[in-house]
Amino acid sequence: MTNCTATSSNPPTTTTTRPPTTTTTAPAGCSTKTVYKAKNGACVASYVDGTGDVDCGQLPSAMKPVSVLNPGNDPYQLDSDGDGVGCESG
Ligand SMILES: [Ca+2]
């Protein structure tokens with residue numbers, strides 16, 4: 001017969017406190033994640049207005065500038081001068 005002795009001397013769990021990580025990738029459901037990359041990683045498509053467009057003025061400043069990942073593919077015309085960086089002037 002085996003005596004099963006429960007040990008109660010578990011080592012204390014150390015909780016590593018990490019600073020909040022900044023999201024760098026847009027959420028999976030973001031339809032523009034392969035088109036635009038906002039500075040803070042938020043999804044540009046979340047800011048589509050009633051006309052199906054996104055204007056730089058609608059984006060929070062934390063998202064700017066927005067990288068246009070494929071130059072020439074700028075459906076919302078955020079990068080008016082075509083240098084691959086959209087909403088660079090605010
Ligand atoms: Ca630009």
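Predicted model: local features only at pLDDT ≥ 70, side-chain atom pairs only at ≥ 80, totals over all residues.
Local features need pLDDT of at least 70 and side-chain atom pairs count only at pLDDT 80 or more, while totals for chains, interfaces and linings use all residues. Residues are numbered from 1 along each chain as its sequence is written, and side-chain values use heavy atoms, without hydrogens or water.

Start with the sheet. Three strands form an open sheet in the order E1-E2-E3, with antiparallel pairing. Strands are DSSP runs of at least two residues, numbered from the N terminus. Two strands pair if DSSP finds at least two bridges between them. E1 and E3 stand at the edges with a single partner strand each, so one side of each has no neighbour in the sheet. E2 and E3 pair over two bridges. Ser67 stands opposite Val85 in E3.

Now the core. The largest nonpolar core has 12 residues, among them Val35, Tyr36, Val66, Tyr76 and Cys87. Such a core is a set of buried Ala, Val, Leu, Ile, Met, Phe, Trp, Tyr and Cys residues joined through side-chain atoms within 4.5 Å. E1 and E2 each supply at least two residues of this core.

Last, the rings. The structure holds one aromatic pair. The ring centres of Tyr36 and Tyr76 are 5.8 Å apart and their planes at 20°, so the pair is stacked. Rings pair if their centres lie within 6.5 Å, and planes under 30 degrees apart count as stacked. Tyr36 lies in strand E1 and Tyr76 in the loop between E2 and E3, so the pair ties together parts 40 residues apart in sequence. Tyr36 is buried at 2% relative accessible area, and Tyr76 is buried at 14%. Buried means under 20% relative accessible area, with a 1.4 Å probe and protein chains only.

Technical notes. Phe/Tyr/Trp six-rings, centres within 6.5 Å; stacked < 30°, edge-to-face > 60°. Helix = DSSP H or I, 4+ residues; strand = E, 2+ residues; numbered from the N terminus. Buried < 20%, exposed > 50% of the residue type's maximum accessible area, 1.4 Å probe, protein only.
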